[in-house]
Amino acid sequence: MRGVLIVNTGSPKTCERKDVKFFIRSMLSDPYVMTVPDWFRPILVNGIIIPLRQFSSTAHYELIWDDSLDDSPLIHQAKQLSEKLEELTGLPTEPAMRYGQPDTAAALDYLMSKNNRLHEVVVFPLFPQYAESSYKTAVDQVGKEFFKRPYPFRLKFIEPYFNHPAYISALAESIRPYIEKEYDKIIFSFHSLPLDHVEKGWKKGKEFDYVYQTKETVRLVIKELGIDTKKTRQTYHSAMGKKWLGPDLDEIVKELAEEGQKKLLVVAPGFAADNLETLYDIDIKTKELFLKQGGTDLTYIPCLNSEPHWVEAVAKIIS
C-alpha cells in the first residue's frame, strides 16, 4: 500500500502577531533560506528582520486570512488537495508543512494511523521549480524526520515538475478562461531569489537551475495556450533585497502602465497554492500600484490550489 505526503512551505497558525513572529523566525532561521554565517543568522533574524517586519507582516496576513474558515488560504488548500487526492486515488494522503503545523512527523504518523501496512510514501513537494530555499529544505526536513523513527515504509520523492505535461496542462486550464477576454499583457511572475542562490543552482546544471526552469514552464504554457509571445512578460516578485533576481514585477507593471497598457493578467506558476506572496504581494500591492499609475484592470489568476484539474494532475505526476 502506498501513501502520499504533500509538502508546502507553511503559514502562521493564526494572523496574530505572536504567531506571525514565530513563523517568520522559523523560516528565516533555516540556513537554506537565510544563507549567512550560522553565528550571524540569529542576530540578523531576531535583532533586525523580525523587529522591522513583525507589524507589517501581521497586517498583511490579516488582509488575506480566511476568517470564515479560521485558517490561512495555504493551509486550507493543502487540506483540500489532500482530501480530494485521497478520494480520487484511494491512497492515504496527508499535508505537511516545512514550517509550522501540520509538521512532517505528525503527518507521517497520521498516514500510519490510516494504514499501518504502508510500504511506500510518495513525498510530493508543492514546488514546481527547484530552489534550495523551497524544494531542497522541504525534502531534507522530511528525510530528517523519517530517520528519527523506524518507519516500516520507504520514501519516494517527486522531483520538481516544472515541465511535466500534467502540470503544464493544469496551468493552461487555469489560465484559459482569462485569456478569452480582452487583455493587453499576461505576466508570468515567480518568487524572486537571492542572486547567489540562483548562481549556485545554475552552476550545478539544469536540474537545479531555477531561472531555466521558470522560463521553460512559461515557454511550455505559452505553447499549450497558443499565446502571442508579444503579449507576455516574465517577472519575479517578493524580493527582500537589491541583489535578488529580476526583473521585478512592480517595476514592470509600472512601466507597462506608463506605456499606456490598461488591462493586465498576472499568474504565479511557481506557487501551487495561494498565500501571502500571491494574495497580498500581487492581488493587493501590485494591483494598487498599477491602478495608481493609470492602469484600469489588473486581474490576478489564482493558483492551482485544489481545483479538479490540479488534483488530477497531481495524481498523474505521483504515479
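The model is predicted, so to speak of local features takes pLDDT of at least 70 and side-chain atom pairs count only at pLDDT 80 or more, while totals for chains, interfaces and linings use all residues. Residues are numbered from 1 along each chain as its sequence is written, and side-chain values use heavy atoms, with hydrogens and water left out.

**Exercise 1.** Work out in which order the four strands form the open sheet.

*Solution.* Start with the elements: helices (H or I, at least four residues) and strands (E, at least two) are DSSP runs, numbered from the N terminus. Two strands pair if DSSP finds at least two bridges between them. The order comes out as 2-1-3-4, with parallel pairing. Strands 2 and 4 are the edges, each with a single partner strand, so one side of each has no neighbour in the sheet.

**Exercise 2.** Find how many bridges join strand 3 and strand 4.

*Solution.* There are four, in the parallel sense.

**Exercise 3.** Decide how many residues of helix 5 are buried, and what covers them.

*Solution.* Helix 5 spans residues 132–146. Buried means under 20% relative accessible area, exposed over 50%, partly exposed in between (1.4 Å probe, protein chains only). Eleven of the 15 residues are buried, among them Tyr135, Val139 and Phe146. Now look for contacts (heavy atoms within 4.5 Å): the cover includes strands 1, 2, 3 and 4, plus helix 4 and helix 7.

Terms used:
The expected span of a helix is 1.5 Å times one less than its number of residues.
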